[in-house]
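Take a look at the model before reading on. The walk-through starts with one residue and then moves to the two chains together.

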2 protein chains.
Amino acid sequence: MITQTSAQLFENYKGQMHTIADIRYASAVLQWDQETYLPPKGAGFRGQQIATLSELAHRLFTDEKLGNLLQDLSARTDLKHAEKRNVELSLEDYTKQKKLSSSFVRKLSEATQKSFHSWIGARKENKFARFAEDLSRVVELKKQEADLLGYKKHPYDALLNDHDKGSDTILLDALFSDIRVPLKELLDTIVSRPQVNDNFLRQHFPKQQQWEFGMQVLKDLGYDLEAGRQDIAEHPFTTNFNIKDVRVTTRIDETDLSNMVWSCIHEVGHALYEQGLPESEYGLPLGEAASYSIHESQSRLWENHIGRSIEFCEYYWTLLKEYFPLQLKDISVTDFYKGINKVSPSLIRTDADELTYHFHVMIRYEIEKKLIEGSIQTKDIPTYWNEHYQSYLGITVPDDKQGCLQDVHWSHGSFGYFPTYSQGSFYAAQFYAKALDEIPELPQKTRKGEHQELLGWLRQRVHQHGRMYTSEELCTKITGAGLRIDYFLQDMLAKYRNIYQF
Amino acid sequence: MITQTSAQLFENYKGQMHTIADIRYASAVLQWDQETYLPPKGAGFRGQQIATLSELAHRLFTDEKLGNLLQDLSARTDLKHAEKRNVELSLEDYTKQKKLSSSFVRKLSEATQKSFHSWIGARKENKFARFAEDLSRVVELKKQEADLLGYKKHPYDALLNDHDKGSDTILLDALFSDIRVPLKELLDTIVSRPQVNDNFLRQHFPKQQQWEFGMQVLKDLGYDLEAGRQDIAEHPFTTNFNIKDVRVTTRIDETDLSNMVWSCIHEVGHALYEQGLPESEYGLPLGEAASYSIHESQSRLWENHIGRSIEFCEYYWTLLKEYFPLQLKDISVTDFYKGINKVSPSLIRTDADELTYHFHVMIRYEIEKKLIEGSIQTKDIPTYWNEHYQSYLGITVPDDKQGCLQDVHWSHGSFGYFPTYSQGSFYAAQFYAKALDEIPELPQKTRKGEHQELLGWLRQRVHQHGRMYTSEELCTKITGAGLRIDYFLQDMLAKYRNIYQF
């Protein structure tokens with residue numbers, strides 16, 4: 001028997017990973033199409049087609065032969081550092097995926113297809129009950145998944161770990177408990193001050209003008225539209241089929257300017273990350289994003305630290321006035337800046353300000369934890385939700401559509417995703433503080449509409465590494481320390497002191 | 001060993017065919033996206049992804065275990081008629097596909113992806129030479145395919161048979177030789193008569209109005225837009241991912257009304273066929289169209305026998321005048337009817353009138369035959385093309401874009417496809433004659449914009465059968481005889497006698 005060289009073995013591994021990636025990305029195309037252009041009656045067969053691809057990709061990835069190849073490669077000492085890391089991560093993924101059977105993966109995929117469509121139906125009818133049963137089935141399968149994947153303390157840890165390696169309920173309980181009080185205090189202070197005016201954002205802003213303005217912003221931030229595109233979807237998202245085809249979606253509300261613009265910036269933050277991953281690592285771990293929370297750090301950094309800054313407003317002021325001359329007639333750029341940063345407890349997470357946003361996440365985190373541990377059932381969600389919106393944010397939820405039916409995530413089986421939204425915001429603040437430290441002229445650049453320097457910094461510090469480091473390792477590598485909430489809190493304090501004058 | 005019942009075996013077969021269909025249709029989604037929305041830089045990876053899915057579907061379909069299952073099922077005597085036919089056809093397909101290795105299928109898929117993109121580039125530069133080399137590679141592979149599939153007389157027969165079972169060069173040489181002379185005589189007569197005016201079709205027709213009018217026609221003809229959609233593509237086509245998701249594409253030329261409208265009707269003819277296939281036969285032969293020529297019979301029937309009839313013009317006259325009041329100000333419905341039926345030798349096949357259309361096909365048929373037998377090379381195509389446009393149609397081809405670069409087919413590796421366009425037109429005439437015979441009030445229905453009766457007739461006579469019959473069997477079943485060109489010639493004579501007054 002001729003022993004293969006490490007290079008040959010690695011090529012073999014790479015070839016298999018390419019095939020699996022091709023199938024997974026094909027499935028992503030089908031999902032993108034499902035949320036943008038699919039004719040309504042096509043949903044049934046489409047669900048089946050996606051389930052087949054998921055099952056197939058899983059079957060190929062958990063093939064014993066691939067496992068043996070990975071084991072064999074792991075023992076090789078002559079691999080380059082990046083190759084070694086790819087193999088290590090693939091073996092980790094393999095070991096994890098191996099715990100789930102292909103039939104389980106198919107079952108889960110079918111169940112989420114079904115619950116996605118009943119979520120759409122439930123939203124239309126504004127009735128959570130119509131969704132509860134299909135969601136229960138998904139929760140049941142996610143519990144099984146947690147058991148299969150294994151965990152030390154809490155079954156939810158298995159799902160959290162799946163979105164951000166190393167994350168668990170102990171860490172997150174501590175994080176949210178640390179931030180809850182200072183955030184609440186800040187909110188109370190703000191609420192006691194005279195409110196800023198943002199009524200001007202709620203006039204008629206024609207679709208076409210919003211679309212064009214959003215596209216301009218996408219381009220200016222450095223999104224390559226030859227390697228991506230934007231479409232309209234019910235729930236904005238970013239998806240990628242390779243680094244040369246990274247797509248964003250948005251929605252336009254003609255009665256609210258704030259809806260689309262910052263959603264565009266948010267999604268493009270995700271897209272810039274995907275467009276910055278190394279092309280040569282297609283299909284391999286180092287060609288993938290580090291984690292969901294690092295992904296979110298990129299969208300939040302662009303959305304909040306750039307998009308909601310006074311410098312950003314100043315740069316776009318002329319263009320905004322051109323697109324919306326009547327709507328912004330009596331408004332100054334300072335008014336505009338204050339308006340888009342207005343803090344006010346509200347019902348919809350994606351419309352929330354930077355501060356109250358995290359109460360939305362906390363509520364979802366608590367519900368997920370309780371659903372997975374079985375201490376509440378899906379039918380209890382509306383009550384739990386509405387009670388906590390009252391106690392955390394002091395607002396009354398009028399109906400399910402503006403309450404527990406607002407997010408698509410659970411219908412997709414994404415449990416453990418929401419916490420990464422808060423973690424991402426906190427990472428963003430920490431990264432941006434470091435970037436400012438190293439490039440103090442960033443705000444002036446933003447005022448001139450120049451973003452190459454910041455993008456270059458992110459490409460070099462974050463994007464190019466793919467999954468080389470965990471979130472915490474990456475954070476330490478970039479900033480010298482793991483995640484700390486101080487940066488975020490300081491930013492909040494500075495911004496709102498200025499806006500609310502306290 | 002427990003012997004499985006025929007029902008169990010059939011379920012097993014059906015399950016495997018569903019998986020394969022899911023993969024093939026996923027690949028079709030990726031191809032649809034490629035021709036409608038793909039960002040330009042995404043083409044490379046997309047080609048690879050499509051090739052992986054093609055190879056995978058082929059590998060699963062040619063798995064020995066599926067072959068054994070099909071053999072086993074073939075021997076069963078207790079299958080229902082439709083089940084038996086499905087098994088028979090699948091075994092036929094299996095035996096054929098088995099002759100091609102998965103690596104050959106992948107090679108072909110990669111080569112056609114590449115040549116498709118160089119065709120696009122060559123069109124941009126208006127230079128066939130830029131495309132010739134990649135096309136040669138495709139021709140080389142198609143020759144290999146012909147050899148692998150096998151044939152009795154001519155290698156091209158293998159490819160013809162692939163598009164229309166039973167079709168070969170002997171049949172087609174005879175068909176084209178039968179039709180060439182009477183068509184040429186008719187053309188000469190027409191050319192000797194005063195020409196009709198169609199200048200009014202070449203004014204400015206705004207995109208949006210054309211789009212809306214086209215959409216209205218699609219709906220009126222019975223196309224279910226809840227189970228389909230229309231998008232813009234460079235080269236109009238119809239594709240289907242299941243009978244609940246059948247999509248058409250179109251292109252709009254603002255300087256020419258005739259470009260989009262009849263292309264819409266043509267494509268919707270294809271789409272109505274796909275929407276009319278039996279849903280329960282998803283993934284099985286009886287859930288597929290009978291052949292390319294029968295498919296074309298459906299598009300041609302709607303495009304020519306309905307869309308180019310005086311009754312159709314009469315029904316849409318009011319709406320057309322509403323959409324294009326200035327453009328059609330001085331035009332009568334008779335002028336309009338004559339204009340859209342003007343016969344005049346022209347450069348572009350898809351813009352050709354019903355009569356000269358078949359000279360375009362003959363030229364392509366001859367070129368394909370010669371390429372596959374090796375008597376000409378791809379570099380010879382422009383010369384051969386231009387000479388024959390001169391001799392058959394008396395026109396000079398000014399450049400490659402209006403000449404041999406006009407069609408996408410060869411870049412896709414579709415050799416043997418073009419002849420089915422003529423066969424389809426002739427089948428359409430024969431079918432429509434029969435339909436008229438059985439439902440003499442069809443023209444009056446068309447004048448009222450009512451198409452359910454004709455659609456119902458086609459559903460019952462053609463669509464519902466899937467691949468149960470070959471083209472010729474189906475034609476005989478419907479009309480009592482195999483394909484005859486008389487119906488087509490009689491229609492042509494009657495129409496143009498009236499228009500050109502001879």
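**From one asparagine to the dimer interface**

Asn86(A) sits in helix α4 of chain A, which spans residues 81-98. The model is a predicted one.

Is Asn86(A) buried or exposed? Its relative accessible area is 1%. The cut-off for buried is under 20%, so Asn86(A) counts as buried.

What does Asn86(A) touch? Leaving aside residues up to four places away in sequence, the list is Phe10(A), Tyr13(A), Glu281(A), Leu284(A), Pro285(A) and Leu286(A).

Now bring in the second chain. Chain A superposes on chain B by a rotation of 180°. The shift along the axis is 0.0 Å, and the RMSD is 0.0 Å. That is why the relation is that of a two-fold axis. Which residue of chain A comes closest to the rotation axis? It is Ala26(A), with its C-alpha at 3.5 Å. Both copies use the same surface: 100% of the contact residues of chain A recur in chain B.

Next, the extent of the interface. On chain A, 36 residues are in contact with 36 residues of chain B. The area buried between the two chains is about 3200 Å². Carbon and sulfur atoms give 61% of that area.

Then the polar side of the interface. Between chain A and chain B, 18 residue pairs are in polar contact, with both residues at pLDDT 80 or more. The rule also finds 6 salt bridges across the interface. One of the salt bridges joins Arg46(A) to Asp245(B). The closest N and O atoms of that pair are 3.6 Å apart. The cut-off is 4 Å, so the pair qualifies as a salt bridge.

Which elements build the side of chain A that touches chain B? Helices α1 (6-36) and α2 (43-61) each supply at least two residues, and so does each of the strands β1 (228-232), β2 (238-242) and β3 (245-250). The largest share comes from α1(A), with 10 residues. By residue class, this side of chain A divides into 17 nonpolar, 8 polar and 11 charged residues.

Notes
Residues are numbered from 1 along each chain as its sequence is written. Chains are lettered from A and ligands numbered from 1 in the order in which they are written. This is a predicted model: local features need pLDDT of at least 70, side-chain atom pairs count only at pLDDT 80 or more; totals for chains, interfaces and linings use all residues. Side-chain values use heavy atoms; hydrogens and water are left out. Contact means heavy atoms within 4.5 Å. Buried area is the accessible area (1.4 Å probe) that two parts lose on being put together, summed over both. A salt bridge is a side-chain nitrogen of Lys or Arg within 4 Å of a carboxyl oxygen of Asp or Glu. A polar contact is a pair of N or O atoms within 3.5 Å; within protein, one must be able to donate a hydrogen and the other to accept it, and residues adjacent in sequence count only if both atoms are side-chain atoms. Helices (H or I, at least four residues) and strands (E, at least two) are DSSP runs, numbered from the N terminus. Ala, Val, Leu, Ile, Met, Phe, Trp, Tyr, Cys and Pro count as nonpolar, Asp, Glu, Lys and Arg as charged, and the others, Gly among them, as polar. Buried means under 20% relative accessible area, exposed over 50%, partly exposed in between (1.4 Å probe, protein chains only). Copies are superposed by least squares on the C-alpha atoms of residues with pLDDT of at least 70 in both.
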